[in-house]
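Hello,

Here is the structure I promised to pass on. My notes follow just below it, so please have a look when you get a moment.

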Amino acid sequence: MEIGSKFTTELNVTAELTAEKIGSGDMPVLATPSMIAMMENAAMKCVSDDLEDGQTTVGIMMNASHVKASPVGSKVYATAELVAIDGRKLSFKIVAYQGTDVIGEATHDRFIVVREKFLAKVQQ
């Protein structure tokens, strides 16, 4: 796992991903929660190949802006860059685009966890 590692996730905006459908608004454009999920996915995948067997990451903080609407039918993508490692805490800078236009930016922290231990605690 190295500072500067990057991963890009792409998404086609469908009616199911709109603010109108999700309920975060009443417009037929990419919902902010859908954009944030795409951003988290890029961060998760940025480091997933570097984790030990049985490990995964969980999101613990997201500070995001959504500055441009994306209509149904558009293609959007998010690129996550690992910017800091502090023990099990990983910090990312993420930028989302539609074409070359920035539609959102975020800082995001994830923690490395052991999947089985994490799920066992959730069940208690």
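A word on patches before the first finding: they are made of residues with over 30% relative accessible area and no salt bridge, with like charges joined within 9 Å and nonpolar side chains (Val, Leu, Ile, Met, Phe, Trp, Tyr) within 5 Å. A salt bridge is a side-chain nitrogen of Lys or Arg within 4 Å of a carboxyl oxygen of Asp or Glu, and accessible areas come from the Shrake-Rupley method with a 1.4 Å probe, where for residues only the protein chains shown count as cover.

This is a predicted model, in which local features need pLDDT of at least 70 and side-chain atom pairs count only at pLDDT 80 or more, while totals for chains, interfaces and linings use all residues. Residues are numbered from 1 along each chain as its sequence is written, and side-chain values use heavy atoms, without hydrogens and water.

Now the patch: Met 1, Ile 3 and Ile 85 make a nonpolar surface patch of about 250 Å². Met 1 counts as partly exposed because its relative accessibility is 34% (buried is under 20%, exposed over 50%, partly exposed in between; 1.4 Å probe, protein chains only).

Next, Gly 104 lies in strand β5 (strands are DSSP runs of E, at least two residues, and helices of H or I, at least four, numbered from the N terminus). Gly 104 is buried, at 0% relative accessible area. Met 35 is 69 residues away from Gly 104 in sequence, yet their C-alphas are 7.9 Å apart. Contacts of Gly 104 (heavy atoms within 4.5 Å), leaving aside neighbours within four places in sequence, include Met 35, Met 39 and Ile 94.

Met 35 and Met 39 are also among the buried residues of α2.

Best wishes
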